[in-house]
Every structure is written in C-alpha cells, then in structure tokens.
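My notes follow in the order I made them.

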Amino acid sequence: MTPTRLCILGSTGSVGTNTLDVVARHPQRYEVFALTAHSRTDALLAQCLAWRPRYAAVAEAHDAGVRTEVLVGPQALVELAAHPEVDAVMGAIVGAAGLPPCLAAARAGKRLLLANKEALVVGGALFMQAVRDGGGLLLPIDSEHSAIFQCLPEDRDQWASRIDHILLTASGGPFRTRDPATLAEVTPEQACAHPNWVMGRKISVDSATMMNKALEVIEARWLFDLSPAQVRVVIHPQSIIHSMVVCRDHSVLAQLGTPDMRVPIAYGLSFPQRIESGAAQLDFATLGALSFEPADERRFPGLFLAWEALEAAPGSTAVLNAANEVAVAAFLDGRLRFDRIHALNRATLDAVLPEPGAAQSVDGLLDLDARARRRAEELVRSLAR
C-alpha cells in the first residue's frame, strides 16, 4: 500500500496533535509530508524531530530540525496545502487565517479534512464552489458535522431527498446551568474548563458562549446544502449523541460515541473505510441517561446570531466571525468581560455592512474581515469602559 501523504495545517493544536496520534497507529498507511504552526515553534520542532516531515511552515523563520525544509509566512501554508505530492490536508488552523490554505487545497482537488469551521463561515458559497471545481473530497472533522456526514448516504445526490432537517447537539459548556446574571464574573480559566471536551482556549470560550455552535450552524448550512431553517440545535449535556439527521419520514438517525476527537479524525482519514482511532468504546452498561434541553436564548444569545447572519447580506457571517475572534481574544487578554462578548458581536454585525460582491472573492472576504476586526477593536475599547 502506498502511504497517503498528509499536510497538517495547525499541527500543534488539539486537532493536529490528535491527528498525529491516529497516524501513529497506522504507520504503513500514512506519511507526514508537512506540518505547520503559527507560534508554538518549540512544539513544532519536537514534531519535526519525531516525524521528519519534508516541509514545515511557521509564521517567522525558525530551525525546524533534521531534513525538514522550513517555509515562512502565510503563503507557505497555501503552497503546502496545494503541493502536488500532498494527498490529504488536515485543515486545523483556528480562525479566518485558515481560509486561504484550505481554499487552496480545495481548488487543488485534495482530500480536505476540514476542522477549520471558519473557512466555511467566512467563505461559504465561494469555498463550496472551489470544492466542486477542484473535484476533491471535503470531509468534516468537527464531531457534529462528522456525525451528520456519517448518518447520510455516500451518494451526496441523495441528501436533499432524505433530509427534513438536522439537529446539532451542544453540551451547553461550563455555564449551562449558571445564572446569566453572574456571567460578568467569569474568568478565562473558568470559561476554558469544558466539562466534556479537551480543546484549545479559543474554541473552549466559544463553547462557553455557544458561539461555537453558532459557527457550526453556519458551517452545516454550507456543508450539507441546507436552508438555515433546516439546521437546528438541541442541548445534550452528555456529548454522547454527536448530532442527528431527521429524515423526511421523521425517522431520526444519530451517531453516538465517546467525546474524543480521534473518532471523527480517523473517519476522515480513512473514509469510506474505518480504522482504529484510539478512542475508548462506548459502554452502554454504564452509560446512564441521555438528556436533552432547548437552547436558552437568555443564557446563550450568541447562538441565535447564526440564523440572523445567514439571512443577512452575503458576507455577514464573515463579519460575525471576525467580531467573535476579536471579542474572544480580548476576553482572554483581560480586556473584555465575558458577558460583553455577545454585545460586541451584536454591535459589529450591526455596524459593518458587506459591500455588494464582497463575498465573491478571497480578497473581498479578507478586506471585509479586516474592516470588521477594526470596528470590533474600537468596540472593545468602548465596552471596556
């Protein structure tokens, strides 16, 4: 068997390290061709010494180790994602920075394992058109979207005739039962202490505000070619059912498993086959009850911005994503209270209106992203007073 050559964008983050964990279990099946990181160069160096990739890419010049050629800057990510010797790309960069390399992989017809939800939140129609034009294979890695994908037939032409709507499950994060009046006191450490999943700091804060689920709603709309109304959310605190498809005959298909990102990663790497992931098996004898709750708009107002942005002018979802990235960074830096993240996102979405055609090109989207970030930073200063 010729090994599949992998480019892992964001290899030092939680998805990247879990990907390498799965790959390590199948050394004859996969070859690590390229690794990239933004700022965790020490971790990247350790990975290069362990895996001996041909290329590494970093934000600034750095010695990556034996036999690894080091590329520098954002363009290096684009070049590696589209490299002719790369078979599959794991898109695990957090934030809008992941759009250009993931788009390059799509245009080059790669098997693209998409963990960077912002690529679709920002890129939307442009990104999906690139996938179609490139003729590659787009496989979702978020546990919720992987669950939906696993519940659907491999023939995508059958999806529209099968789906009535989908249900994305949400754990509710660490503040599911907390009085919203006390959220002003939340610290970054509390917001990052997710009860079920081990994730990076940005995505952990998004889970605490449910903005992560808002971004997933937007992502699902594009991944599965659904109307916004066909994407719904239900709180499921145990994180055992990862999402569900409600069919036109009202049958409900669900994917279950332990909350371990190695499961969707292994599925994406091996699709349509299945390989050992390293995750623990689900033990139904000790599982206990599975419960569900409606999403509380008073506690999680940010979730409901997803449908509003989807119904607004094209590019509005890029504005929402940019605002949220600025808001979360400001919260983690101690410049913005937790309970004001939604206020900043709401105000930015109201203030920054996409120009006609902005969502039709990468440059237009990146310009819109930059404009939204500038406005959001101004709002950070005003809301911090």
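**Entry 1: serine 146**

I looked up serine 146 and found it counts as buried, because its relative accessibility is 1%. Buried means under 20% relative accessible area, exposed over 50%, and partly exposed in between, with a 1.4 Å probe and protein chains only. This is a predicted model: local features need pLDDT of at least 70, side-chain atom pairs count only at pLDDT 80 or more, and totals for chains, interfaces and linings use all residues. Residues are numbered from 1 along each chain as its sequence is written, and side-chain values use heavy atoms, with hydrogens and water left out.

Serine 146 sits in helix α7, residues 143-151. Helices (H or I, at least four residues) and strands (E, at least two) are DSSP runs, numbered from the N terminus. I then listed what serine 146 touches, not counting residues up to four places away in sequence: Pro140, Ile141, Pro264 and Tyr267. Contact means heavy atoms within 4.5 Å.

**Entry 2: the whole chain**

I noted 16 helices and eleven strands. The radius of gyration is 20 Å, close to the 21 Å that the globule rule gives for 385 residues, so the chain is as compact as a globular protein of that length. That radius is taken over C-alpha atoms, and the rule is 2.2 Å times the number of residues to the power 0.38. Buried residues make up 55% of the 385. I also checked contacts between residues at least 6 apart in sequence: 65% of them join residues at least 24 apart.

**Entry 3: the cores**

Which residues have the most contacts inside the largest nonpolar core? I found Met90, Leu112, Phe127, Ile166 and Phe224, in a core of 103 residues. Helix α11 (residues 211-223) gives the most to this core, with seven residues. A nonpolar core is a set of buried Ala, Val, Leu, Ile, Met, Phe, Trp, Tyr and Cys residues joined through side-chain atoms within 4.5 Å.

Leaving aside neighbours within four places in sequence, its contacts include Leu99, Cys102, Leu103 and Ala106.

**Entry 4: helix α4**

Leu99, Cys102, Leu103 and Ala106 are also among the buried residues of α4. Seven of the nine residues of α4 (residues 99-107) are buried, so the helix is largely enclosed by the rest of the structure. Just after α4, glycine 109 has a positive phi of about 75°.

**Entry 5: helix α16**

I listed the buried residues of α16, among them Val362, Leu365, Leu368, Ala372, Ala376 and Leu379. Seen down the helix axis, the buried residues of α16 fall within an arc of 145°, so they line one face. The arc is that of the directions from the helix axis to the C-beta atoms. On the other side, Asp363, Asp367, Arg374 and Arg381 are exposed. The cover over the buried residues of α16 includes α4, α5, α6, α14 and α15.

Where does serine 239 lie? I found it in the loop between β9 (231-235) and β10 (241-247). Serine 239 has phi near 55°, a positive value in a residue other than glycine. Its relative accessibility is 6%, so serine 239 counts as buried.

Histidine 250 also has a positive phi, near 75°. It is in the loop between β10 and β11 (252-256). Histidine 250 counts as exposed, because its relative accessibility is 58%.

Last, I checked proline 272, in the loop between α12 (262-270) and α13 (305-311). The peptide bond from phenylalanine 271 to proline 272 is cis, with omega near 10°.
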